Amino acid sequence: PATLYGTAYAQEAIWAHQHPADCSKTKFLGARFGNSGIGSLLNMLGRALGLAMHKGRILVHYPDPLFRWYDASMCPEVGVRSWECWLQPLS
């Protein structure tokens, strides 16, 4: 299968950054975004991840009671309004 050059490296770097072996001294960057379009929100999530990596922090996403892209019928196991309905947990 064809893959975009460099994506495997990027995915490995993000995974290693977001899943440190020892979290006892880890600093975090919490993020919650306003209500806008899904493309805009994904863009802001990517920018927040870049900032967290640049600052040496782990990005965490706070549940948002106003998150309008959540659909309980599609992901009832999550139980909170969060990106975890659509994406893998950030850390």
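Visitor: Which pattern does the chain follow, read along the sequence?

Guide: The chain follows the pattern α-β-α-β, with two helices and two strands. Helices (H or I, at least four residues) and strands (E, at least two) are DSSP runs, numbered from the N terminus. This is a predicted model, in which local features need pLDDT of at least 70 and side-chain atom pairs count only at pLDDT 80 or more, while totals for chains, interfaces and linings use all residues. Residues are numbered from 1 along each chain as its sequence is written, and side-chain values use heavy atoms, with hydrogens and water left out.

Visitor: What percentage of the residues of the chain count as buried?

Guide: Buried means under 20% relative accessible area, exposed over 50%, and partly exposed in between (1.4 Å probe, protein chains only). Of the 91 residues here, 22% count as buried. Ile58, found in strand E2, is buried because its relative accessible area is 5%. Gly34, in the loop between strand E1 (28-31) and H2, counts as partly exposed because its relative accessibility is 48%.

Visitor: Which residues make the largest nonpolar core?

Guide: In soluble globular proteins, nonpolar side chains tend to be buried together. A nonpolar core is a set of buried Ala, Val, Leu, Ile, Met, Phe, Trp, Tyr and Cys residues joined through side-chain atoms within 4.5 Å. The largest one in this model has 12 residues: Ala31, Phe33, Leu41, Leu45, Ala48, Leu49, Ala52, Leu59, Phe67, Tyr70, Cys75 and Trp83. Helix H2 (residues 38-55) gives the largest share of this core, five residues.

Visitor: Which residues of H2 are buried, and which exposed residues does the face turned away from them carry?

Guide: The buried residues of H2 are Leu41, Leu45, Ala48, Leu49 and Ala52. They lie on the same side of H2, because they cover an arc of only 100° around the axis; the arc is that of the directions from the helix axis to the C-beta atoms. The face turned away from this buried side carries the exposed residues Arg47 and His54.

Visitor: How far apart in space are residues that are separated in sequence, such as Gly34 and Leu66?

Guide: Gly34 and Leu66 are 32 residues apart in sequence and 8.2 Å apart in space, C-alpha to C-alpha. For Ile58 and Pro20, 38 residues apart along the chain, the C-alpha atoms are separated by 8.7 Å.
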